[in-house]
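Hello,

I am handing over the structure we spoke about. Please open it alongside this note, and then read on for what turned up.

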Amino acid sequence: MDAELPLLVIVDGANVVGSVPDGWWRDRRGAAERLRDRLASDGLPGRSGPLELVLVVEGAARGVQAVPGVRVESAPGSGDDHIVALTARAADRPVLVVTADRELRRRVTELGAEVTGPRSVRPA
């Protein structure tokens, strides 16, 4: 693993947005854009050093555009499968996946990623 590369933080957009019942289901794309903007302004609270933030969106949130500081990837199918693929491709660097999904956590930790829950990027 190349410690010189910035920490790759992959955010499970659907899982994080769905972690707070704030009406996100009425406007999934808007909720994903608000999460993207929060990530761009706040980064990953409590983590210092360079980060590469990737927000993975799926379903009705597909097509959300990237902004400076946050790359947005629209999953062509399952968001979880796309997150696993991104994690596998980043085997040479540290990866942190933000999700509460137990099965996704298992899959990415088997690939060497760390995991943290939605509260790390979105207060309850």
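**Aromatic pair**

There is one aromatic pair in this predicted model. The partners are Trp 24 and Trp 25: their ring centres are 5.6 Å apart and their planes stand at 80°, so the pair is edge-to-face. The cut-off for that label is over 60 degrees. Trp 24 is buried, at 18% relative accessibility. Trp 25 is partly exposed, at 42%.

**Helix 3 and what follows**

Helix 3 covers residues 79-89. Its buried residues are Gly 79, Asp 80, His 82, Ile 83, Val 84, Leu 86 and Thr 87. What covers them? The cover includes strand 1 (7-12), strand 2 (51-57), strand 3 (70-74), strand 4 (95-98) and helix 4 (102-109).

Look at the N-terminal end of helix 3 next. Ser 78 caps it. A side-chain oxygen of Ser 78 lies 3.2 Å from the backbone nitrogen of Asp 80.

Asp 92 sits in the loop between helix 3 and strand 4. Asp 92 is partly exposed, with a relative accessible area of 41%. In sequence, Asp 92 and Ser 78 are 14 residues apart. In space, their C-alpha atoms are 24 Å apart.

**Salt bridges**

How many salt bridges are there? The count is nine. Three of them are described here.

- Arg 36 and Asp 37 meet through their side chains, at 2.9 Å from N to O. Arg 36 is buried, at 10% relative accessible area. Asp 37 is partly exposed, at 37%.
- Glu 52 pairs with Arg 93, and their closest N and O atoms are 2.7 Å apart. This pair links distant parts of the chain: Glu 52 is in strand 2, Arg 93 is in the loop between helix 3 and strand 4, and 41 residues separate them. Glu 52 is partly exposed, at 23%. Arg 93 is buried, at 12%.
- Arg 106 pairs with Glu 103, with the closest N and O atoms 2.4 Å apart. Both lie in helix 4, three residues apart, which is about one turn of the helix. Arg 106 is partly exposed, with a relative accessible area of 37%. Glu 103 is also partly exposed, at 43%.

Some salt bridges share partners. These join Glu 52, Arg 71, Glu 73 and Arg 93 into one network.

Best wishes

Terms used: Residues numbered from 1 in each chain as written. Predicted model: local features only at pLDDT ≥ 70, side-chain atom pairs only at ≥ 80, totals over all residues. Heavy atoms only, no water. Phe/Tyr/Trp six-rings, centres within 6.5 Å; stacked < 30°, edge-to-face > 60°. Buried < 20%, exposed > 50% of the residue type's maximum accessible area, 1.4 Å probe, protein only. Helix = DSSP H or I, 4+ residues; strand = E, 2+ residues; numbered from the N terminus. Contact = heavy atoms within 4.5 Å. Polar contact = N/O pair within 3.5 Å; in protein donor to acceptor, adjacent residues only side chain to side chain. Salt bridge = Lys/Arg side-chain N within 4 Å of Asp/Glu carboxyl O.
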